[in-house]
Every structure is written in structure tokens, then in C-alpha cells.
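I wanted to look at how two chains meet and what sits behind the meeting place.

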Amino acid sequence: MPPYLRIDAPKPTRGTLFMRTFLPWQLVRFAWINLKMFRIIAKSH
Amino acid sequence: MARVVILGAGISGHTAAAFARKWLGRGDEVTVVSPSPTYNWIPSNIWVGVGLLPKSSVEFELGPVYRKVGIDFKQARAVALHPEGTGSDGRPAVEIEWTSSGETGPRERVHYDFLVNATGPKLNFAATEGLGPGGNSLSVCTADHAAETARVFLENVARMKKGERRRLVVGVGHGSCTCEGAAFEYVVNLEFELRRHGVRDKAEIVFLTNEFDLGDFGVGGMTLRRGGYLTPGRVFAESLFAERGIEAITRAHVRRVSPDVIEIEQLNGSTSEVAFDMAMLLPPFTGVGLRAFDAQGADITPRVFAPNGFMRVDADYEKKPYKEWRAKDWPRVYQSPAYRNLFAAGIAFAPPHAISEPHATAEGTPISPAPPRTGMPSAMIGRAVARSIVDMIGGAEGPTQPASMAEMGAACVASAGANPFTGTAASITVYPIVPDFERYPEYGRDQRFTFGEIGLAGHWIKILLHHMFLYKARLRPGWALIPE
């Protein structure tokens with residue numbers, strides 16, 4: 001038996017998994033994440 | 001008139017060349033020396049490696065692009081630096097060996113006023129017996145490697161469709177590897193593709209890593225603000241594996257890769273074997289083996305390069321224990337301390353030390369990640385070095401543009417499944433890349449700018465970045481407006 005790591009991290013619920021690919025919510029997240037990334041880019045240049 | 005020579009046409013070298021050409025006058029020359037005729041957008045090799053993209057989607061010919069903008073391109077590898085010239089000819093020069101078809105072998109001496117070493121890494125598969133495409137495992141480090149990996153992966157999928165069970169191992173092939181993030185990205189993409197092919201139940205997927213904990217990624221991990229908590233990135237990485245049913249072996253050094261078995265050693269001193277049907281294991285990196293000589297022809301390589309082959313720059317290379325590592329140990333302008341007209345950018349510069357806490361077995365086998373230098377910092381360093389050189393040509397006393405990895409952030413999008421409606425990716429930002437515990441005593445990073453989230457939006461961003469950065473690399477109209 002290979003020495004696998006015992007993983008007991010929390011698993012996402014069905015609701016969380018649904019929201020990860022729920023289009024209207026992801027459109028909002030798309031805008032938000034882009035904003036976060038632009039902040040990092042602006043801070044780093 | 002000045003001549004800037006850039007060794008390497010990867011993310012850092014190509015960025016440095018493009019900006020140097022843009023900022024210098026037409027009377028000045030920019031020359032790129034690279035052994036490969038193509039540019040490879042390496043972050044998308046992951047998708048080539050699972051058969052989603054052909055390798056032509058992540059590569060293009062450099063020659064026409066450089067001709068268009070007036071960059072001299074020599075398809076050759078650099079073999080020796082002569083920063084003081086040779087004999088009575090005091091002009092600094094680099095000796096190159098042509099690699100273009102029909103011209104392999106002839107050497108030429110290329111003189112320079114400023115030289116940027118952006119040669120990237122040597123993929124050191126030889127560090128582990130049996131590792132690599134020439135041995136018993138696969139890689140996604142180059143587009144060719146990734147295409148071969150896709151072929152083997154799809155063969156395995158076909159066998160699973162016939163009912164066979166397969167064990168697929170993904171990770172790193174040595175205790176001192178870097179790029180754990182790329183291996184992580186590949187394993188979750190592979191898992192997603194197995195589901196898409198309808199054979200997930202036939203596969204046992206194992207992630208094999210030298211990280212002390214999952215989610216370290218060679219940057220000492222990160223603490224993410226999510227759901228009202230500041231949570232270690234380890235929890236998010238483990239959660240993704242728990243959700244996807246991916247097994248993990250951490251704190252591991254690969255001793256040997258046989259045709260169907262990987263022999264590993266772990267930090268606690270235990271040894272074991274992991275049987276596999278397919279193994280994609282990334283290699284450790286070293287410098288490309290450039291030598292340096294003074295005017296009399298004496299070998300001065302140890303003055304210019306660190307023992308691992310990467311180039312010494314303005315970092316603090318004094319050996320000190322982990323507790324005494326400081327953000328200011330990291331280089332700011334990437335200038336050689338030995339020669340003012342010599343710079344290193346991207347993976348080619350020698351880091352002062354790792355970022356993750358070092359660990360070794362009782363017998364002394366080091367098992368901890370080397371520091372990564374991913375696309376964004378590599379490109380930003382390339383651009384900063386170009387700015388400094390252009391300013392020095394214009395009369396500045398020294399480098400003008402700092403770009404320390406301890407003072408810059410990084411935005412990273414790690415694909416976790418490529419589909420425009422069901423795919424996901426982890427979008428991560430960290431600031432700074434190298435933790436600074438003097439400025440941010442608790443976690444080493446500014447938590448306002450350190451963020452992570454998994455979702456479809458990340459996948460859209462990944463697609464956008466793929467096209468945007470390839471557009472930029474092709475130096476099409478407006479390329480300079482796209483940030484690194």
C-alpha cells in the first residue's frame with residue numbers, strides 16, 4: 001500500500017459546487033477576480 | 001550605437017528583447033540567441049498534455065516575429081561568456097553554437113555592450129535514474145513533451161474504456177524540484193478529463209510531491225481569506241483532492257523510476273515503491289551550463305555563476321539558517337556583481353535561497369521545493385532589466401528599474417478542468433511572492449492582496465490569458481499595453 005497522505009480537509013457541499021459553475025454568479029466573480037488581479041498587477045509594476 | 005544581446009527566448013528573454021527593441025533607438029541593435037526556433041507559451045502545455053490542445057496552439061515561429069520588429073535572431077545556444085573580451089580584443093562577447101538545421105555545430109563569437117542571460121533552466125532529468133521522456137516517465141515542460149504525454153494519456157483512457165484499471169501518478173521527480181504548481185494543475189486537469197471520458201472510476205490518481213504540505217507550491221504556502229477565516233492554502237489544496245478523490249504522497253524524494261515502479265524516500269526516512277501505469281513527473285532544474293572566462297582565458301565560472309549553474313546577481317548569497325532569511329536577500333535589479341553590463345532574468349538568476357522552509361532526511365537527502373519563478377515575475381523581471389539597460393545606454397550610472405520578488409505580487413490561474421461551462425480554475429493572487437515577515441509579521445504577506453477562489457470564472461480568465469499572452473508574445477499591435 002503506497003504511503004498516501006490522510007486527507008481530512010473539508011469537502012465542498014453540493015451548493016458550493018453548484019455555485020462554482022452557476023453562470024450568473026460566475027459572471028460576477030469574473031469581474032471581481034479581474035479587479036483583484038488588476039490591483040496586484042498595478043501594485044507590482 | 002549599442003548592442004544588447006539576450007540569451008534565451010522564453011517568457012523572460014522574449015519580454016526583455018521586445019521591450020529593449022521598443023525603447024532603444026533604431027541605431028541600436030537587439031539580438032536574441034535561442035536554441036529553439038519557436039516560442040512556447042508554457043503555462044498552456046498543461047492542456048496539450050491532456051490532449052485538449054495541439055502543440056501548435058502553444059507555439060509559434062520566432063523568426064518572422066523578430067524580423068517584423070527588427071530584432072536579430074540567432075538560432076543557437078550560448079556556450080561561453082567572455083565578459084572581458086579575449087586577448088587583445090577587449091570587447092565583451094558570448095560564444096554561441098548554431099543549432100538550426102544544417103548549421104549545427106559551427107560557433108560564432110557575438111560581441112555585446114549589454115548581455116541578458118535569460119536561458120531558463122536545464123531540465124535535469126539525469127538527477128533521478130529513469131526520470132523523463134528518455135526514461136520511464138513523462139513531462140509537460142516543453143510542447144513536445146506535453147504532446148507525447150497526451151498520447152500516452154489517451155492510450156490509458158482507451159484501455160480504461162475497455163475496462164482496465166490504471167494508476168496514474170503525477171508530480172515531481174526529485175526532492176529538490178520546483179514547479180509543484182504546474183504538477184498540481186496537471187493532476188486536476190487529468191482528473192477532470194478522465195471524468196469527461198467517462199472512465200474516472202477506472203483510475204487511481206496519485207499526486208507525488210516534495211512539498212512538506214500540499215499547497216506549499218515552493219512559496220512556503222499561503223494563507224487565504226475565505227468564508228470569514230484566514231485559512232492555510234493547504235486546506236484548500238487538500239479539499240480539492242478530497243473532492244476529486246486524488247491520493248497524495250507528500251515529503252517525498254524520487255530515487256528511481258523503473259518502467260512500472262517509482263522508488264521513493266520520505267522525510268521520515270521510510271522508503272517505498274509506487275507502481276504506475278503512467279507517470280508524469282517534472283524534473284529538477286539547474287542552470288544551462290554556461291562557462292565564463294576572463295581576458296586571459298582563465299575559467300571564472302564560479303565568480304559569475306552559482307554552483308547550481310544559475311547566474312549570480314545582486315542577491316545576498318551568504319549561507320544562513322532559515323530563521324535568518326530576509327526578503328531583502330532577494331535581488332532587485334538582476335545585475336551581475338562581477339560585470340555591470342551583465343544581467344540575468346527569469347529562471348536564469350540564482351535565488352539566494354529557497355522560499356519554503358528547507359527539510360532533509362536524517363541521512364541528509366534534501367526534500368523541499370526550490371523557489372519557483374513563474375510567468376508573471378519572469379516577464380516583469382525581463383521588462384525591468386530591459387528598462388535598466390536602456391537607461392544605462394542612455395547615460396544612467398546603474399540599473400534604474402527594481403523588480404524584487406519580495407516586492408512584487410503574482411496573479412496565478414491554475415486550471416482545474418477545461419470546459420467553458422463546467423470547467424473550473426483556482427484564481428490566486430499573492431503579495432509579495434517572497435514572504436516578508438518584517439513588513440507582515442503574522443503571515444509574511446499582505447492579506448488584503450492574498451486571495452484564492454475556485455470557479456468557472458477562473459477558467460474563463462485562464463482562456464483569456466492564453467490568448468492575450470500569445471497575442472502579446474507575437475508582438476501584434478498594442479502588445480505593450482498588455483501587462484505582464
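Predicted model: local features only at pLDDT ≥ 70, side-chain atom pairs only at ≥ 80, totals over all residues.

Residues count from 1 along each chain as its sequence is written, and chains are lettered from A and ligands numbered from 1 in the order written.

I started with chain A, which has two helices and zero strands (DSSP runs: H or I of at least four residues, E of at least two, numbered from the N terminus). Its C-alpha atoms fill a box of roughly 50 × 30 × 15 Å along the principal axes.

Next I checked contacts: 24 residues of chain A touch 36 residues of chain B (C-beta atoms, placed from the backbone, within 7 Å). I found that α6(B) gives the largest share of chain B's side, six residues.

Then I looked up the sheet in chain B, which is open, antiparallel and ordered β22-β23-β24 (strands pair if DSSP finds at least two bridges between them). β22 and β24 of chain B each have a single partner strand, so one side of each lacks a neighbour in the sheet. Six bridges join β22(B) to β23(B), and B:Cys412 has B:Ile428 as its bridge partner.

Last, I noted that α2 of chain A, residues 23-44, packs on this sheet and touches β22, β23 and β24 of chain B. α9(B) also touches β22, β23 and β24 of chain B.

How values were computed: Contact = placed C-beta atoms within 7 Å. Axes fitted to C-alpha atoms, helices over the stretch in contact; angles between N-to-C directions.
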